[in-house]
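This report describes selected features of a structural model. The sequence and coordinates are shown first, and the description follows.

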Amino acid sequence: MKSLVSLVSGLIFALGLSLSGMIRPEKVRAFLAFGRPEWDVSLAFVMVSAIIVYAICYALVKQKKRTLTGTAFSEPAAKSVDRRLVIGMVIFGIGWGLIGLCPGPAFVRIAWMDAPLASFLVMMLIGFEIEKRIVP
Amino acid sequence: MTFTREIAGGILIGVGSALPLLFHARIKGISGLASSMLRPFTEVGREGALFIAGLVLGGFVWKYFGLTHPDLYLTQNTSVTTWALAGLLVGFGTRLGGGCTSGHGICGIGRFSKRSFVATLIFMASAVATVLVGAALS
């Protein structure tokens with residue numbers, strides 16, 4: 001069941017990324033080009049509608065303290081803003097802005113694989129591992 | 001401009017993010033799932049691997065039905081080196097900061113986490129700055 005839910009969730013997520021245009025690096029970079037003539041606000045609507053759907057589902061689970069299948073749910077403890085968060089997000093933002101790809105769309109674009117994408121994906125996985133090994 | 005595709009796509013992204021929470025209380029974004037995939041013999045690793053398999057499958061489904069946007073194949077004037085560097089920064093940064101566009105931007109903000117709200121502001125500002133500096137230099 002867990003496996004099926006994970007697979008189907010990924011599939012639905014990918015169709016959402018594809019439909020919304022998030023898998024197009026040029027569109028993402030146009031969204032990020034704030035204040036420039038090519039600025040394209042449309043991806044803000046993707047984020048807002050995704051957040052609203054998630055917030056409704058989260059409120060439901062939080063209120064019932066149970067998932068739909070009866071698993072107990074308790075709210076994760078709030079973590080504070082620390083230096084790791086700030087540095088990590090600055091670094092992520094630079095990587096995202098350079099090409100216009102964040103992790104989800106990078107995986108979806110495997111269907112249109114080419115050498116640049118392959119190098120992005122391999123280095124992203126290496127980045128995960130470097131962080132895991134060098135950061136205490 | 002009605003933004004129908006963007007809103008419909010966003011709803012699907014929200015559903016895809018929320019299903020693991022609704023069914024087995026899992027709160028994780030893509031970078032978290034993808035990095036746990038590198039430990040496939042743990043329970044969370046298997047979940048991550050299957051979610052990512054679903055993502056990849058979704059791309060092929062989209063491609064198979066020919067639902068591509070005309071500029072999907074546009075190759076930018078960016079070298080493979082830049083793609084590689086971007087991948088490394090995305091991988092390292094998302095793990096150091098504990099989330100990406102989905103983990104902080106959707107799941108985190110969706111549960112009103114102050115930390116994720118700050119994270120989203122920072123990575124958005126950093127990405128905007130990167131694009132603007134790049135545009136100014138070219």
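How are α5(B) and α6(B) oriented to each other: roughly parallel or roughly antiparallel?

## Basis of the description

This is a predicted model, in which local features need pLDDT of at least 70, side-chain atom pairs count only at pLDDT 80 or more, and totals for chains, interfaces and linings use all residues. Residues are numbered from 1 along each chain as its sequence is written, while chains are lettered from A and ligands numbered from 1 in the order in which they are written.

## Packing of α5 and α6 in chain B

Helices here are DSSP runs of H or I with at least four residues, and strands are runs of E with at least two, numbered from the N terminus. In chain B, helix α5 (residues 103–110) packs on helix α6 (residues 114–137) at about 150 degrees, with the axes 8 Å apart. Axes are lines fitted to C-alpha atoms over the stretch in contact, and angles run from 0 to 180 degrees between N-to-C directions. α5(B) and α6(B) are therefore roughly antiparallel to each other; angles under 35 degrees count as roughly parallel, over 145 as roughly antiparallel, 65 to 115 as roughly perpendicular and the rest as oblique.

The contact (C-beta atoms, placed from the backbone, within 7 Å) involves B:His104, B:Gly105, B:Gly108 and B:Ile109 of α5(B) together with B:Ser116, B:Phe117, B:Ala119 and B:Thr120 of α6(B). By class, three residues of this contact are nonpolar, five polar and none charged. Nonpolar covers Ala, Val, Leu, Ile, Met, Phe, Trp, Tyr, Cys and Pro; charged covers Asp, Glu, Lys and Arg; the others, Gly among them, are polar.

## Contact between the chains

Chain B contributes 93 residues to the contact with chain A, and chain A contributes 96. On the side of chain B, the elements giving two or more residues are α1 (4–24), α2 (30–36), α3 (43–64), α4 (80–96), α5 and α6. Of these, α1(B) gives the most, with 20 residues. The side of chain B that touches chain A divides into 55 nonpolar, 28 polar and ten charged residues.

## Helix α3 in the two chains

Among the buried residues of α3(B) are B:Glu47, B:Phe51, B:Leu55 and B:Trp62. The buried residues of this helix pack against α1 (2–20) and α5 (103–108) of chain A, together with α2 of chain B. Just after α3(B), B:Gly66 takes a positive phi of about 65 degrees.

In chain A, A:Ile52 lies in helix α3 (residues 43–64).

Methods: Contact = placed C-beta atoms within 7 Å. Buried ≥ 20, exposed ≤ 12 C-beta atoms within 10 Å, placed from the backbone.
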